[in-house]
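Take a look at the fold below.

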Amino acid sequence: MTVLVSANKVSKSYNGTRALDNVDLQIEQGRIVGLIGPNGAGKTTLLKAMLGLTHYEGNLKVLNLDPFRQRADLMKDVCFVADVAILPRWIKVHEVIDFVEAVHPKFSRAKANEFLKLTEIKPNKKVKQLSKGMVAQLHLALVMAIDVSLLVLDEPTLGLDILYRKSFYEKLLNDYFDEQRTIIVTTHQVEEIENIITDLVFIEHGRIVLDKTMEDVASQYVEVLARPERNGDLEALGPIHKREVFGKSLYLFENVSHDQLSQHGELHTPSVADLFVAKMKGAAA
């Protein structure tokens, strides 16, 4: 499988504070990677390094290019949607399309118009006349009309209502993604991406604390809703996290046999959100 992003011992400091701390990471072609972390964990700094927007220490290759030194070449095959949709408020929709067509050789005007026909966005409307959800739709239409290998999304649905968020990810998955493209997405609304991502990466204090495929997550992590008389037995097996649910103890285990655990209670696959909480508490400890 082709590796699109390869990071080895990548570090970045701001005024003596480590934003990235010896990050090792590989992202393969045709994957949808969820990059999850609390505020200040290093997500945006890592994305900036990948996009050539900041200097860093260590070795980093994106599409086999040095992103900082070869950014002009890199951006011919990468698209980026930031957490704040930055478009001039005075510009009209058709003028945005004119501009992107003029500057990006891989942009298809026909595809952009095809996507926009599925929305209520009119070509003669100015950006300032569009709702926040419509601006996100416009960004997505522009992105999906550009034939690139890597799409980077940094909180792409921030501030949108649930209908726009659901529509955004459905269009992204059904109309854009294929095995030749790779998507990296950061979001705090992890429950909305856990059914579309193929790989899960947690970052905390600039360090990668989890990097697994979703198949590995399902096979290596399990929650046990304990029968009351089994709490002591489960504690002895070394759970990585414990919480209370409706007066019962729910234990989270890593790499413990399902057969060994099933005799002590009901087994469940943990959600990404619950796994995230457990890992973040472990990292803090």
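This is a predicted model: local features need pLDDT of at least 70, side-chain atom pairs count only at pLDDT 80 or more; totals for chains, interfaces and linings use all residues.

How many bridges join strand 1 (residues 3-14) to strand 4? Five, and the two strands run antiparallel. Here, strands are DSSP runs of E with at least two residues, helices are runs of H or I with at least four, and both are numbered from the N terminus. Two strands pair if DSSP finds at least two bridges between them.

Residues are numbered from 1 along each chain as its sequence is written, and side-chain values use heavy atoms, without hydrogens or water.

Now widen the view. The open sheet has three strands in the order 2-1-4, with antiparallel pairing. Strand 2 (17-28) and strand 4 (57-62) each have a single partner strand, so one side of each is left without a neighbour in the sheet.

Move on to the helices. Lys111, Ala112, Phe115 and Leu116 in helix 4 meet Leu138, Ala141 and Met144 in helix 5. Contact means heavy atoms within 4.5 Å. The residues of this contact divide into six nonpolar, no polar and one charged. Nonpolar covers Ala, Val, Leu, Ile, Met, Phe, Trp, Tyr, Cys and Pro; charged covers Asp, Glu, Lys and Arg; the others, Gly among them, are polar.

Finish at Thr187, in the loop between strand 7 (182-186) and strand 8 (199-204). Thr187 is buried, with a relative accessible area of 1%. Buried means under 20%, exposed over 50%, and partly exposed in between, using a 1.4 Å probe and protein chains only.
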